[in-house]
Amino acid sequence: MPEGDTVARQCRVLHEALAGARIIRCDVRVPRAATADLVGWRVREVRPRGKHLLMRLEPPTPGVPPLTLHTHLKMDGIWHVDGRALRSSDTSAGPRPTDTIRVLLDARHEDGREVRAIAYDVKQVRLLRTADEGELVGHLGPDLLDPAWGEDLRAQAVANLAAEPQRPIGLALLDQQVLAGIGNIYRSELCFLRRIHPAAPTAAAGDLGEMVDLAHRLLALNADRTVRVTTGGMLGRDGDLWVYGRGGRQCRRCRTRIERGELAEPRLEGTEPRVLWFCPRCQAGPGAPPAPARPARRRTGR
Ligand SMILES: [Zn+2]
């Protein structure tokens, strides 16, 4: 599942490539929107909202309401511009099979320059009135990468997190209705950095304002990078992350073996079991589940 920073980066590159250009060919290969004819429409902007991509379009003739082409990357979705993949930290950025194309747009700028944008494997492809975007994304919590991020959105995010004190912090962080933008990587990394076990209740997670500030800082930092880093980048090659994907390897702080666990919750979007990683020593603070019991040692007399 891509993180909010990946989506924001894709939107920025799409926006730079397409904003102002007029669509000259449009091929939407999902049944719901297959009849959409966007030829003649102009791309006004491409903006992220949490993990949703919103391509806002202006009509070729006045009086027609503006439309938004909505896509979601889900697990494997990716946009390419002129063959260039837009996903950060992507190891499979080469051309994708053509049967996974969901949207193909050719657009021409006023100076004659043409751009092609292709979405592979994206989900939730929808064309809707821009005025109705709220129906799709109105349920989302404060967006960590919202340009208007400030005291109000921060306070709302903290309040949302605090609203269910018994909910595991590892689930609350991933819930886009609580706050938007955190995926599986940041969920694990944030819990490690705050030294809280992901299964610990939110009430035990310490200062939630600091948690939100850290999440905002990490996503903002990585929105401009091609490789996602949470460690500050000082650990050299292969040193980008603290715990995510590092099961069985040594904790970078205390050398204990990193463990792999799962926390799934049916009410979350895209409900595959969500693997997570943590250090059982660094994250053994309040609320951590008890370590599995070791077999009792046989008494050996005195
Ligand atoms: Zn550790």
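This chat covers a zinc site and a pocket in a predicted model.

Trainee: Before we start, what kind of model is it, and how are residues numbered?
Mentor: It is a predicted model, in which local features need pLDDT of at least 70 and side-chain atom pairs count only at pLDDT 80 or more, while totals for chains, interfaces and linings use all residues. Residues are numbered from 1 along each chain as its sequence is written, and side-chain values use heavy atoms, with hydrogens and water left out.

Trainee: Okay, which residues coordinate the zinc ion?
Mentor: The SG atoms of Cys251, Cys254, Cys279 and Cys282 coordinate the zinc ion at 2.3 Å, where donors are N, O and S atoms within 2.8 Å of the metal (3.2 Å for Na, K and Ca), and sites may look incomplete as water is not among the atoms.

Trainee: And what arrangement do the four donor atoms make?
Mentor: They subtend angles of 100 to 113° around the zinc ion, which makes the arrangement tetrahedral; for four donors that term requires all angles to lie between 85 and 135 degrees.

Trainee: What spacing do the donors follow along the chain?
Mentor: The spacing is C-x2-C-x24-C-x2-C.

Trainee: Is cysteine 279 buried or exposed?
Mentor: Cysteine 279 counts as buried, because its relative accessibility is 0%, and cysteine 251 is also buried, at 3%; buried means under 20% relative accessible area, exposed over 50% and partly exposed in between, with a 1.4 Å probe and protein chains only.

Trainee: Switching topic, where does the second largest pocket lie?
Mentor: Domain 1 (4-137) and domain 2 (151-278) both give residues to its lining, so the pocket lies between them, with domain bounds coming from an automatic or database domain assignment.

Conventions
Four donors count as tetrahedral if all angles lie between 85 and 135 degrees; four count as square planar and six as octahedral if opposite donors are over 155 degrees apart and all others between 65 and 115; anything else is irregular.
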